[in-house]
Amino acid sequence: MLAAISAGSIGISSYLNPSLVPTFLAGSGGLLAGSSLMLSAASKKEEELLESARVSNSFKFLYDINKGIISPDQLSYHASVELSQIILFLDVLADEQNGQRIPTERGIIYSFPHPDNALSKLTDNAKNWADAQQQPLLSQLQGLQTKFNQLLVYQQQLTTKQQPPRSETNFNIPEGIDPWKSLL
């Protein structure tokens with residue numbers, strides 16, 4: 001469209017005033033260069049929007065699958081974006097969303113809060129609380145069992161002391177001897 005307007009203006013100017021043709025040519029060139037820059041800026045902005053959509057969708061996919069753990073390499077691969085840009089993105093996001101940077105042998109991975117992780121953390125906290133509540137009771141129970149065992153031992157000692165000593169008696173008495181008469 002702009003090319004047609006430029007060609008028309010050059011044609012009209014060459015017919016009406018041929019001395020102004022170079023001016024119209026320069027103006028047309030500037031108009032075409034400006035429109036080309038606008039189109040390239042628009043296409044660059046569109047590409048950036050598409051890239052951000054790919055990164056966002058890939059991040060959401062990896063976030064859901066890995067329960068909040070994101071590897072920059074994985075995100076870079078899925079989003080088709082350079083690793084350096086992904087690392088910058090994850091650094092900013094980790095600062096804003098309370099994410100953690102976890103150093104590993106293969107580089108840094110990022111951990112972001114995830115509902116499943118929160119549920120397991122709450123479960124662990126509840127279990128730790130229950131264990132903390134149970135520990136004093138178990139200590140008290142163990143103390144009472146020790147005292148009970150000591151009382152049992154003491155009672156057994158008392159009962160063995162109170163029993164009269166057993167005397168050895170010989171019930172094999174020969175016949176013809178009355179044991180009752182010998183007692184008198």
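This is a predicted model: local features need pLDDT of at least 70, side-chain atom pairs count only at pLDDT 80 or more; totals for chains, interfaces and linings use all residues.
1. Being four residues apart in helix 2 (residues 21-65), Lys-60 and Asp-64 are separated by about one helical turn. Helices (H or I, at least four residues) and strands (E, at least two) are DSSP runs, numbered from the N terminus. An α-helix has 3.6 residues a turn, so residues three or four places apart point the same way.

2. Residues are numbered from 1 along each chain as its sequence is written, and side-chain values use heavy atoms, with hydrogens and water left out.

3. Four salt bridges are present in the structure, the term denoting a side-chain nitrogen of Lys or Arg within 4 Å of a carboxyl oxygen of Asp or Glu. One of them joins the side chains of Lys-60 and Asp-64, at 3.2 Å from N to O. Lys-60 counts as exposed, with 53% relative accessibility, whereas Asp-64 counts as partly exposed at 40%. Here buried means under 20% relative accessible area, exposed over 50%, and partly exposed in between (1.4 Å probe, protein chains only).

4. A further salt bridge pairs the side chains of Asp-91 and Arg-101 (3.1 Å, N to O). This pair links distant parts of the chain, ten residues apart: Asp-91 lies in helix 4 (residues 83-96) and Arg-101 in strand 2 (residues 100-104). Both count as partly exposed, Asp-91 at 22% relative accessibility and Arg-101 at 37%.

5. Arg-101 also meets the side chain of Asp-95 in a salt bridge (3.0 Å, N to O). Asp-95 counts as exposed, at 55% relative accessibility. Through salt bridges that share partners, Asp-91, Asp-95 and Arg-101 are joined into one network.

6. The length of helix 4 agrees with expectation: at 1.5 Å a residue its 14 residues should span 20 Å, and its end C-alpha atoms are 20 Å apart. The expected span is 1.5 Å times one less than the number of residues.

7. Which residues of helix 4 are buried? They are Ile-86, Leu-90, Leu-93 and Ala-94. Seen down the axis of helix 4, these fall within an arc of 100°, so they line one face of the helix; the arc is that of the directions from the helix axis to the C-beta atoms. The face turned away from this buried side carries the exposed residues Leu-88, Asp-95 and Glu-96.

8. Just after helix 4, Asn-98 adopts a positive phi of about 60°.
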